[in-house]
Protein chains: 2
Amino acid sequence: MTTHVIKSYEEELDRLKAMVLAMGKLAHEQLALVVDAADRADVKLAEHVVEQEPQADHLEHQIDRLAIRLLALRQPVAVDLREILSALRIAAELERICDHAEDMARRLITALGGGRLDSTRSTVNLLRFAARMAQDALLAYADRNAALAQEVWDRDTVLDEMYSGLFRELLTYMMEDPRRISAAVQMLFIARDIERVGDRATNIAEMARYLGVGVPVEEERPKAATTKSMTVPGAT
Amino acid sequence: MTTHVIKSYEEELDRLKAMVLAMGKLAHEQLALVVDAADRADVKLAEHVVEQEPQADHLEHQIDRLAIRLLALRQPVAVDLREILSALRIAAELERICDHAEDMARRLITALGGGRLDSTRSTVNLLRFAARMAQDALLAYADRNAALAQEVWDRDTVLDEMYSGLFRELLTYMMEDPRRISAAVQMLFIARDIERVGDRATNIAEMARYLGVGVPVEEERPKAATTKSMTVPGAT
């Protein structure tokens, strides 16, 4: 079945890592396009994000296939096994970041169809913050930089606070003017997508820290707070 | 390091599968509790779901650990490798289903704090439908039943249509009475959680079909439709 030329094991591991980083680059580009689309109210840019989405699935499939081949043929142990399993998981997180980008793009298209966007500035700020988290998490993975990974992990709490603020802001607009409800609901879901991108980045950071330090993160994620912040304190 | 008694390989694979099924049982119980909590407007039940959430993380960690040990010590190939990787992925999907259950429970608590719920009946119907998908996907995994897996996969389109209907219903309530916006927004996010539970079930079904038939699902998921339905056709 396999007709590939057998390369050195190190070469194949390097290729796996390079593929994960290429996928990270795609995820970053997709998020940057969503930022621009929201910032300039540009439907064409948002459509471009949707068109590019299949690339992420394709890259994830390639990574899966190589990882499974490495597991099957090379029977790795210890460090290499950790390396391969992390690549699989980071690819899955990146694929979901690209999914979120696509979802945001589709929602932007709908919201823009209904007229102007609400809370564009807060949304763009939040998205830039989350995109930077994802970028730095990938950098921590590329460089095995446990300190940077920890720093990304810590930023998730800040993102959650910003998200809470944006959520309240959008609810206020909706209550002030029911005609804005449909578009504002799309923006609420976009805000939620951004918050999830931050969670994905945090997951990648956890894996980068694991690869850098060698022990899994057992510490409790600041997750309860995340979910609590989503219930919009004070807005019942 | 390893002080475990070395069991037979088959025993360990069986144990891995049993752990995945136990996690499936937990996921199903959590969803059933959310159904009851929504149906009876019962805050206590919803709180119980939140309290039980750490069990899912714990089970997933156990599955991860056993799977990684099997990969490292037994160096499986072909069918067994596929078996172990599928267990890892299904566990990850189940953990996310439990996350969705927790998120829904927290949102129910918030929404109930603001008075009565909107669209309870439609929400409960949607949730029951999604919970059944998850249960049948697990059954397809347990029995290596590719036909049932395919059937679950097909149901995702129906779920998406039901979701679209519920979404429009909730938007209508919000527009009719802005005082209902806060609670209805929580219900919108619950609807979205349910739609995601359906996606997780579909992912599990894909893996069950893969295990039953031996070839990965390459067919395009009815995913574009899913995301499109989220943009609420006609409600701009």
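Author: In chain A, the side chains of Arg96(A) and Glu93(A) form a salt bridge, with N and O 3.7 Å apart. A salt bridge here is a side-chain nitrogen of Lys or Arg within 4 Å of a carboxyl oxygen of Asp or Glu. Arg96(A) and Glu93(A) stand about one helical turn apart because they are 3 residues apart in helix α3 (residues 78-113) of chain A. Helices are DSSP runs of H or I with at least four residues, strands are runs of E with at least two, and both are numbered from the N terminus. An α-helix has 3.6 residues a turn, so residues three or four places apart point the same way. Both Arg96(A) and Glu93(A) are buried; buried means under 20% relative accessible area, exposed over 50%, and partly exposed in between, with a 1.4 Å probe and protein chains only.

This is a predicted model, in which local features need pLDDT of at least 70 and side-chain atom pairs count only at pLDDT 80 or more, while totals for chains, interfaces and linings use all residues. Residues are numbered from 1 along each chain as its sequence is written, chains are lettered from A and ligands numbered from 1 in the order in which they are written, and side-chain values use heavy atoms, with hydrogens and water left out.

Two pairs in chain B may be set beside this one. Asp199(B) and Arg196(B) meet in a salt bridge at 2.6 Å, N to O. These two residues lie 3 residues apart in helix α6 (residues 181-213) of chain B, about one turn of the helix, and both Asp199(B) and Arg196(B) are buried. Asp36(B) pairs with Arg40(B), their closest N and O atoms being 3.5 Å apart. Asp36(B) and Arg40(B) are 4 residues apart in helix α1 of chain B and therefore about one helical turn from each other. Asp36(B) is partly exposed, at 24% relative accessibility, whereas Arg40(B) is exposed at 54%.

A network of salt bridges links Asp103(A) and Arg107(A) with Arg192(B) and Glu195(B). Over all chains, the count comes to 34 salt bridges. The corresponding count of disulfides is 0, a disulfide being a pair of cysteine sulfur atoms within 2.5 Å. Cys98(A) is buried, with 1% relative accessibility, and Cys98(B) is likewise buried at 1%.

Gln30(B) belongs to helix α1 (residues 9-40) of chain B and is buried, at 1% relative accessibility. Leaving aside residues up to four places away in sequence, Gln30(B) touches Val49(B), Gln52(B), Glu53(B) and Ala101(B), where contact means heavy atoms within 4.5 Å. Arg144(B) is located in the loop between α4 (120-143) and α5 (146-176) of chain B, and is partly exposed with a relative accessible area of 24%. With residues up to four places away again excluded, Arg144(B) touches Lys17(B), Glu83(B), Leu211(B) and Gly212(B).

As for the chain that carries the opening pair, chain A has 7 helices and 0 strands. Buried residues account for 58% of its 236 residues. Of the contacts in chain A between residues at least 6 apart in sequence, 83% join residues at least 24 apart.
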